[in-house]
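Open the model in your viewer and keep the sequence panel beside it. This tour says what to select and what you will find there.

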Amino acid sequence: MQTHAYVLRRPQGNAVLYSSSTLPSEADWLREAGGVDHQFLNHRDEAGPACDWVFDTFGAPLHCHELERDAIGKQCTVHGTFREEGYVLPDLLAIPTPGHCPGSTCYLWHGPDDDYLFTGDTVYLNEGRWEVYVSRGTTDEMIASLNRIAKLRFGFLLPGLFIGDVKDAQTDTSDVRRQTDAIISRLEQFLFRWNHSDGAYWRQGQGWR
Ligand SMILES: [Fe+2]
């Protein structure tokens with residue numbers, strides 16, 4: 001399992017998405033690239049001293065979802081939060097996608113040549129397969145988040161976490177729907193097994209029966 005951060009190189013100011021303990025070792029590269037103007041976290045698991053290092057070195061404030069503020073604040077300084085879907089930069093759309101954590105947030109970047117979806121741990125790659133891990137959120141939240149992701153248009157999926165050698169995925173609209181439907185099907189089967197012994201079952205769009 002590996003995690004990493006991304007640097008969006010933008011004429012209006014670079015942005016770091018997620019975080020990595022190795023960022024300080026990339027100080028010279030970051031300076032040559034024009035520094036860092038913004039930091040955005042998907043969720044609390046990414047928080048660490050490197051976030052404060054980026055702020056102290058480049059003056060880049062850190063933003064995250066309001067529901068991650070307290071947990072992230074134990075690791076580093078949070079400078080701003082948001083609650084709803086909306087543009088946090090003119091070319092970067094924050095999309096709350098709870099399920100892994102209550103404030104997990106995907107970011108859709110309208111890059112110079114394509115649209116890129118940064119999913120953090122909301123959707124990660126396991127040997128190239130799209131997968132989810134419902135950690136501190138709920139399965140219902142995750143299914144709703146996957147259905148939101150399925151409505152987005154993007155050409156690349158860039159998670160914060162990956163297992164194996166495949167760290168990103170080229171995709172398109174029909175592939176996104178197919179991949180998210182496959183995950184939702186697995187989640188629903190899990191819910192069915194979980195509740196069947198009690199005589200209750202759950203189906204998407206129908207709720208509990
Ligand atoms: Fe995580």
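**Before you start**

This is a predicted model: local features need pLDDT of at least 70, side-chain atom pairs count only at pLDDT 80 or more, and totals for chains, interfaces and linings use all residues. Residues are numbered from 1 along each chain as its sequence is written.

**Stop 1: the whole chain**

Select everything and show a C-alpha trace. Along its principal axes, the trace of the protein chain spans about 60 × 35 × 30 Å. The radius of gyration is taken over C-alpha atoms, and the globule rule is 2.2 Å times the number of residues to the power 0.38. For 209 residues a compact globule would have a value near 17 Å; the protein chain has 18 Å, so the two agree.

Now switch to cartoon. The protein chain holds five helices and 17 strands. Both are DSSP runs numbered from the N terminus: helices are H or I with at least four residues, strands are E with at least two.

Colour by burial next. A residue is buried if 20 or more other C-beta atoms lie within 10 Å of its own, exposed if 12 or fewer, and partly exposed in between, with C-beta atoms placed from the backbone. By that rule, 37% of the 209 residues of the protein chain count as buried.

Then look at contacts. Two residues are in contact if their C-beta atoms, placed from the backbone, lie within 7 Å. Of the contacts in the protein chain with a separation of 6 or more, 54% are between residues 24 or more positions apart.

**Stop 2: the six-strand sheet**

Which order do the six strands of the open sheet take? Trace S7-S8-S9-S10-S13-S15, with mixed pairing. Strands S7 (86-89) and S15 (169-170) stand at the edges, each with a single partner strand, so one side of each has no neighbour in the sheet. Two strands count as paired if DSSP finds at least two bridges between them. In general, strands of a sheet pair through backbone hydrogen bonds, either parallel or antiparallel.

S7 and strand S8 (residues 92-96) run antiparallel, joined by three bridges.

Step on to S9. Five bridges join S8 to S9, again antiparallel. Pick Ile95 and find Cys106 opposite, in S9. Strand S9 (residues 105-110) is mostly covered, with five of its six residues buried.

Follow S9 into S10. A hairpin of four residues connects S9 to S10. The antiparallel pairing of S9 with strand S10 (residues 115-120) has four bridges. His110 stands opposite Asp115 in S10.

**Stop 3: Thr119**

Stay on S10 and select Thr119, which lies in that strand. Thr119 counts as buried because 27 C-beta neighbours fall inside 10 Å. Leaving aside neighbours within four places in sequence, Thr119 is in contact with Cys106, Leu157 and Pro159.

**Stop 4: the four-strand sheet**

Zoom in on S11 (residues 124-126). S11 pairs with S12 in the antiparallel sense over three bridges. Leu125 stands opposite Trp130 in S12.

**Stop 5: two positive phi angles**

Most residues other than glycine have a negative phi. Select Glu127, in the loop between S11 and S12. Glu127 is not a glycine, yet has a positive phi of about 55°. Is Glu127 buried or exposed? Glu127 is exposed, with 10 other C-beta atoms within 10 Å.

Jump to Tyr18, in the loop between strand S3 (15-17) and helix H1 (27-32). Tyr18 has a positive phi of about 65°. Tyr18 is buried, with 25 other C-beta atoms within 10 Å.

**Stop 6: helix H5**

Finish with Val176, found in helix H5 (residues 173-196). Val176 is buried, with 23 other C-beta atoms within 10 Å. Beyond neighbours within four places in sequence, Val176 is in contact with Ile149, Ala150 and Thr171. Val176 and Gly155 are 21 residues apart in sequence and 9.4 Å apart in space, C-alpha to C-alpha.
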